[in-house]
Amino acid sequence: MGTKLDINGAVREVEASGDMPLLWVLRDLLQLSGTKYGCGMAQCGACTVHLDGKPVRSCVTPVSSVGERKVTTIEGLSSDGSHPVQRAWAEADVVQCGYCQSGQIMTAVALLDKKPDPTDSDIDAALSGNICRCGTYERVREAVRIAARLKRGAR
């Protein structure tokens, strides 16, 4: 018997050992490749997903610890890129190589759910654990500001 997981609103069953990191379940068993492997030590943020709306590093989260909590990946935000944070990322032209972006976006979504109108220091603190090798931090901050306005319905 496999492990049942609520992934992006659908219950999926996988055959995985309990100590298998959630990252590999998502990428290798469920073919959800938007979540990236970066460091494997929860230091870079590329593997960030949500468990019941809270950002976690899937590279160090054993699948056995997920239980009945809801997992949301970058693919689960919207099917067409219409989520306010995804739209803001495009508007601010954040992406360069793009490798860190799913983790950055998932962290930004969690921040805005917690603080709808974050200050620059709130943004910096929330995203400080997400490393961008291309150095797009100023554009990330701007995208979070834009997303906050979009979520409020303002321009």
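Let us start with Thr48, which touches Pro55, Val56, Arg57, Ser102, Gly103, Met106, Thr107 and Asn130, leaving aside residues up to four places away in sequence; contact here means heavy atoms within 4.5 Å. Keep in mind that this is a predicted model, in which local features need pLDDT of at least 70 and side-chain atom pairs count only at pLDDT 80 or more, while totals for chains, interfaces and linings use all residues. Residues are numbered from 1 along each chain as its sequence is written, and side-chain values use heavy atoms, with hydrogens and water left out.

**Thr48 and its strand**

Thr48 is found in strand 3. Helices (H or I, at least four residues) and strands (E, at least two) are DSSP runs, numbered from the N terminus. Thr48 counts as buried because its relative accessibility is 2%; buried means under 20% relative accessible area, exposed over 50%, and partly exposed in between, using a 1.4 Å probe and protein chains only. Both faces of strand 3 are covered, with Thr48 and His50 buried on one side and Val49 and Leu51 buried on the other.

| Side chain | Partner | Distance |
|---|---|---|
| Thr48 | Arg57, side chain | 3.3 Å |

**The sheet around it**

Now for the sheet: 5 strands form an open sheet in the order 2-1-5-3-4, with mixed pairing. Strand 2 (10-14) and strand 4 (54-57) stand at the edges with a single partner strand each, so one side of each has no neighbour in the sheet. From one strand to the next, the twist averages 40 degrees. Two strands pair if DSSP finds at least two bridges between them.

Strand 3 (residues 48-51) pairs with strand 5 (residues 70-72) in the antiparallel sense over 2 bridges, and the bridge partner of His50 in strand 5 is Thr72. Helix 3 packs on the sheet and touches strand 3, strand 4 and strand 5, its direction making about 35 degrees with that of strand 3. For such angles, axes are lines fitted to C-alpha atoms, for helices over the stretch in contact, and angles run from 0 to 180 degrees between N-to-C directions.

Strand 3 and strand 4 also pair in the antiparallel sense, over 4 bridges, and Val49 stands opposite Val56 in strand 4. The hairpin of these two strands has 2 residues between the strands, and Asp52 there takes a positive phi near 50 degrees.

**Met106 in helix 3**

Which helix holds Met106? Met106 lies in helix 3 (residues 101-114). Met106 is buried, with a relative accessible area of 0%. Not counting residues up to four places away in sequence, Met106 touches Thr48, Val49, His50, Thr72, Thr73, Ile74 and Leu77. The C-alpha atoms of Met106 and Leu77 are 8.6 Å apart, although the two residues are separated by 29 residues along the chain.

Notes. A polar contact is a pair of N or O atoms within 3.5 Å; within protein, one must be able to donate a hydrogen and the other to accept it, and residues adjacent in sequence count only if both atoms are side-chain atoms.
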